[in-house]
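Subject: Structure handover

Hi,

Here is the structure I promised to pass on. Please have it open while you read the notes below it.

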Amino acid sequence: MSKAAITEWIEKHKQTYTDMAQDIWDHPQTAYEEKYASELQRNALQAEGFSITQSINGIDTAFVAEYGQGKPIIGILGEFDALPGLSQKATPEKEEVIANGPGHGCGHNLLGTAGVEAVIALKERMEKDNLTGTIRYYGCPAEEVLSGKTHMAKAGVFDDLDCALTWHPMTNNAVMHKSMQSMVSIKFHFKGKPAHAAASPEAGRSALDSVELMNIGVNYLREHVPDGTRMHYTITDGGQAPNIVPETATVWYFLRASSKEEVEGILHRVKNIAKGAALMNETEVDSEILAFAYDTLPNDPLNELMYQNMLESTPLTYVQEEHAFIESLAASLPTAGKPVEELLPASIHFNAYQAGESLPGSTDVGDVSWIVPTGMVTTTCAPVGTALHSWQATASFGTQIGYKGMHLAASTMALSAYDLLINKDNILDKAKETFERLRDGKEYQAGI
């Protein structure tokens, strides 16, 4: 009955958390600026009796909310940062709220709110069942730049956890058996000599030329890296005016691969290319690492537990209004013309993300997964064919479609955490054994 009571509590209170997610969607803020969402969630948790530790490692929007005492200590990870340039109304046509403004194109208005919903539901049950143990909600900033959890990890806030649970809005209901890629975010700053580009070009040394030479070198490197590697870049400083030889120029790279060791090897080569570009052009270069997230370690015992509890949660159902929205939105997607049942799956899959090759995306959840056993699921919050970080995703995550997926995730995490608190089937021990096997003796060291 206790677990059924958790599901009933979530059904009874889901409007409260729908309103919270909507409020955060209405007030999107980008990495390290998420003051609105962070304060909203802190206040809600404090009102429910959670103790709050704020400003983790000097980051104002990072916090930990805790309830209970003793072991086990179960953590639920939340995020709330938006993306730049993805402002969008909750409509099936592209329609900005604010020109070039931020928007929740990755669904973090849902992601963190589900965590708050889960721990408060669980706290209510712990009180009634006199359960010992500790639950924590982690308000994690700046996932979109892949460094918030790394900074929190450096403060040691995950070290005493027995395990962590999390989720992500997607286009299906499934457990995350696949790993996600490690990634380094690094800027290369070149410095040259300014000069009049027409009257005395020979006196100048173009920092922008060095950036372009570096990019050519990296593009040739693409043939000689492991399959699945990604190398993206953008020039963030290219000089001031065409008639001035650029004194400074900066290129910003994301380098991804299936493991941190692979990324480190690629990074070494890219740094040498930057040095070579500077040498060819008689300029100087230095670099600045902004983030270095680990690959994720999927934990099968935790994932299997979350799968079973997703099955025990209230199933997803949709009304005609939601069908109409999806059919209209799908006109802008590669899946246009498919039946609405295929566009909006309510079924729950165990093997949607088969173990083996890593997914092309990255997350700083990877850092946590190298510190403690970590389970992760996804739920249907947008139609099949929707790309994260798109206006279509932003629109979906501001509708009942997104909110219904959020409540399913909250229920899955709350029910799973309950099982872990009572140590059902010794799952924690199995999760820790799996964790140690996957780490294979390697210790976590923050990449920044």
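Below are the ground rules, then the cores, the annotated domain and the aromatic rings.

This is a predicted model, in which local features need pLDDT of at least 70, side-chain atom pairs count only at pLDDT 80 or more, and totals for chains, interfaces and linings use all residues. Residues are numbered from 1 along each chain as its sequence is written, and side-chain values use heavy atoms, without hydrogens and water.

**Cores**

A nonpolar core is a set of buried Ala, Val, Leu, Ile, Met, Phe, Trp, Tyr and Cys residues joined through side-chain atoms within 4.5 Å. Buried means under 20% relative accessible area, exposed means over 50%, and partly exposed is in between (1.4 Å probe, protein chains only).

The largest such core has 70 residues. Leu45, Trp167 and Leu420 have the most contacts inside it. Helix α12 (residues 400-421) gives the most to this core: 13 residues. Helices (H or I, at least four residues) and strands (E, at least two) are DSSP runs, numbered from the N terminus.

Take Leu420. Leaving aside residues up to four places away in sequence, Leu420 touches Pro72, Ile74, Cys163, Leu165, Leu302, Leu305, Ile427 and Leu428. Contact here means heavy atoms within 4.5 Å.

Another core lies apart from the largest one. This other core has 25 residues, among them Ala249, Tyr253, Val263 and Leu267.

**Annotated domain**

An unreviewed UniProt entry carries the annotation "domain: Peptidase M20 dimerisation" for residues 183-276. UniProt positions follow the numbering used here, feature names are shortened, and annotations may be inferred rather than shown by experiment. The span is 34% helix and 29% strand, and its end C-alpha atoms lie 23 Å apart.

**Aromatic rings**

The whole structure holds 10 aromatic pairs. Rings of Phe, Tyr and Trp (its six-membered ring) pair if their centres lie within 6.5 Å; planes under 30 degrees apart count as stacked, over 60 as edge-to-face and the rest as tilted.

Tyr233 and Tyr253 form a tilted pair, because their planes stand at 40°, with ring centres 5.1 Å apart. Tyr233 is in strand β8 (residues 230-237) and Tyr253 in strand β9 (residues 248-257), 20 residues apart. Tyr253 is buried at 0% relative accessible area, whereas Tyr233 is partly exposed at 33%.

Trp252 and Phe254 pair edge-to-face, because their planes are at 85°; the centres are 5.7 Å apart. Trp252 is partly exposed, at 25% relative accessibility. Lys187 lies over the face of Trp252, 4.7 Å from the ring centre. That label requires NZ of Lys or CZ of Arg within 6 Å of the ring centre and within 35 degrees of the ring normal.

Best wishes
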